[in-house]
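Biologist: Please take a close look at a single part of this model and set it in its chain. I would like the cut-offs stated along the way.

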There are 2 protein chains.
Amino acid sequence: MATIKDVAKLAGVSPSTASRAMHDSSLISEETKSKVRHAMQELDYSPNFAAQNLANQSSNTIGVILPAREEAVGENPFFIQIIQGLASICNAHDYLVAVASGQTDEELIKNLETMIKRGNITRFVFVYSQVNDPVLEFIKQQKQTQYVVIGSPESDRDQTCYVDNDNHLAGYDATRYLLEKGFETVIYAYTNLDEGVQNARYLGYQQALNEFKLPKFPLELSNRVADEAKNAQALRELLKKVSGRIAVLACDDILALDIQYLWDLCEVDPSKIAMMGFNNSGLAKIARPTLTSVEIFPRFLGTEAAALVINKDKDTFKLDLNRVIVPHKIIERDSTRF
Amino acid sequence: MATIKDVAKLAGVSPSTASRAMHDSSLISEETKSKVRHAMQELDYSPNFAAQNLANQSSNTIGVILPAREEAVGENPFFIQIIQGLASICNAHDYLVAVASGQTDEELIKNLETMIKRGNITRFVFVYSQVNDPVLEFIKQQKQTQYVVIGSPESDRDQTCYVDNDNHLAGYDATRYLLEKGFETVIYAYTNLDEGVQNARYLGYQQALNEFKLPKFPLELSNRVADEAKNAQALRELLKKVSGRIAVLACDDILALDIQYLWDLCEVDPSKIAMMGFNNSGLAKIARPTLTSVEIFPRFLGTEAAALVINKDKDTFKLDLNRVIVPHKIIERDSTRF
DNA sequence: CCCTTTCATAAAAACGTTTGCATATAATTA
DNA sequence: TAATTATATGCAAACGTTTTTATGAAAGGG
């Protein structure tokens, strides 16, 4: 494997000159740069990461932090697309992407300590966001570390750099879409309004209904299987109060699917009620009827986060790049086509 | 940050002695080792990865390779659990886990080249397996690289190191489970027998039926939404030929769910037909009725792969450790409880 | 034409380890 | 007691970069 010394020798210069030429230093003449470039080509040279890291006292590595809670991992079908996007961009910029994980928060933090201390890793991407996250707290405390959160940061929103969808707007757009389709009643189904995403979508839903001067029908359901009867009961009660053409907007596709299973237990004709979800997950395509949903482009969450975190060292970095909003798109399917 | 020189100075020895002491070299007296250990503690020392990598000409980094095809990523809900498991174990052993990805195979290979050449990364884990995979081919060609495949290697099975479930056995066990429950007809539904997993499960299914001297009923379905009517037709045809208590064993939970949507189009009472799937995905819990499925413990695929790839350098490495089979477990739910 | 500045390059030190070789001391043997 | 061998340690080079400092040549100014 060729080293910078080989390049230098072939180009007839010293290693220091070769190094500077490679970094396009203004100290080096165009002529010499050209010689060095040719030597590099000739030898198929590319610099060694370890040596660079050692000399620069910094690693060209981005740490990506997965949540420790096993459930959290299972729940989110997007992680992998996010990581894919992240790794694509980072790799393309010659950054390595190192995954940090663990079975508990403590273990995860211990692993992060290692990465920071021994690996000189200073830039991180959280692929989740949680209230009172001790892991985030830990990273925040470290000197010299920088991080980007994917999702809506649960605290210090103004001080943290994040990339997210605009869930408020998505809720608004979805609701308007239904209203403009002529549905007179739109129900918003959720499981837990303490969860940021569900809440944001709910606020958007409210805003749209306010603009149309229509009443809101929030419906809290349980996502526990055992509570099915209770859920059906809640749904039945609510349906008694409403009239006209009805649509149910569920906070995500899974809940939408859950509700579709509930119709049997209610005395309504499912084909008369429109359904809509969020996330455009695989489920939406296989459900019957196929489910209208809001695509949120998880891959772009990854690519945008990568762009942010990579540019963090460049001092040209602007504050208004601190938050990136990935757009969404309504994917219309059979569940709202009538 | 403390370096080995600081430790050496505090312990009153030279850096080389300190280094040897840390590696528990037999050249160093127990007394000196103890002094060094104390100094390490005192200074909270831990070695710098970049320096070690440079000196050792090898990186303590495991590359984990995600498939380039976007669909492949979306399809497999296990990736993230696998990576979680992998990262947990690797991090615990002071290995970094670097993700390699790309939008196309070419891009992915280019990124891998960088990791190998510039990053000194020589050990990889494929979190997927594919026939005629150019990426695998590329890694195989490299000198000095070692890799573990998660899933069943599609070629060179005897020469490659892999960790997988025993899908044949899983198919067998699932079928036996149904037969022992008293179902007289077991249908195996699949979408593509060219796919290794579906095929292996099918073979196990066949074996069980042979042992029971019962006829096999393979049923090929399309997973394209547009083919729903065709699927229903195929199912209806098949049902005409069979009798007694019937169970459908689908090659995975998604297909099982798909089939449940099909009952309406057939003239059968769904509550009379048992359903069973594989993978114990989230779907199995939310389906109605809840779906009996075979849990395959994806996290362990990751942890076992990590153990394999980490031990690959130790020359104690035995051939019979070359393949690791992660056990499965039938999770009984309502869809087969009658 | 000498002095100063600018420009282009080289030499050497540094980053934090590991390791081959040399060396010093203690223990053994003749 | 001198010669030999074990045992324990230090020195210095090496890994492949970057960067500070030094050096030489050309150019500009008076």
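Modeller: What follows concerns helix H7 of chain A, then the chain around it. This is a predicted model, in which local features need pLDDT of at least 70 and side-chain atom pairs count only at pLDDT 80 or more, while totals for chains, interfaces and linings use all residues. Residues are numbered from 1 along each chain as its sequence is written, and chains are lettered from A and ligands numbered from 1 in the order in which they are written.

H7(A) takes in residues 105-117, 13 residues in total. From first C-alpha to last this helix reaches 18 Å, close to the 18 Å expected at 1.5 Å a residue (1.5 Å times one less than the number of residues). Buried in H7(A) are A:Leu108, A:Asn111, A:Leu112, A:Met115 and A:Ile116 (20 or more other C-beta atoms within 10 Å of a residue's own, C-beta atoms being placed from the backbone). They sit on the same side of H7(A), because their arc around the axis is only 140 degrees (from the directions of the C-beta atoms off the helix axis).

Within chain A, these buried residues pack against strand E1 (61-65), strand E2 (96-100) and helix H8 (134-141); helix H6 (79-92) of chain B is another partner. Contact here means C-beta atoms, placed from the backbone, within 7 Å.

Chain A as a whole has 14 helices and 12 strands (DSSP runs numbered from the N terminus: H or I of at least four residues, E of at least two). Of its 338 residues, 45% count as buried.

Key
Buried ≥ 20, exposed ≤ 12 C-beta atoms within 10 Å, placed from the backbone. Contact = placed C-beta atoms within 7 Å.
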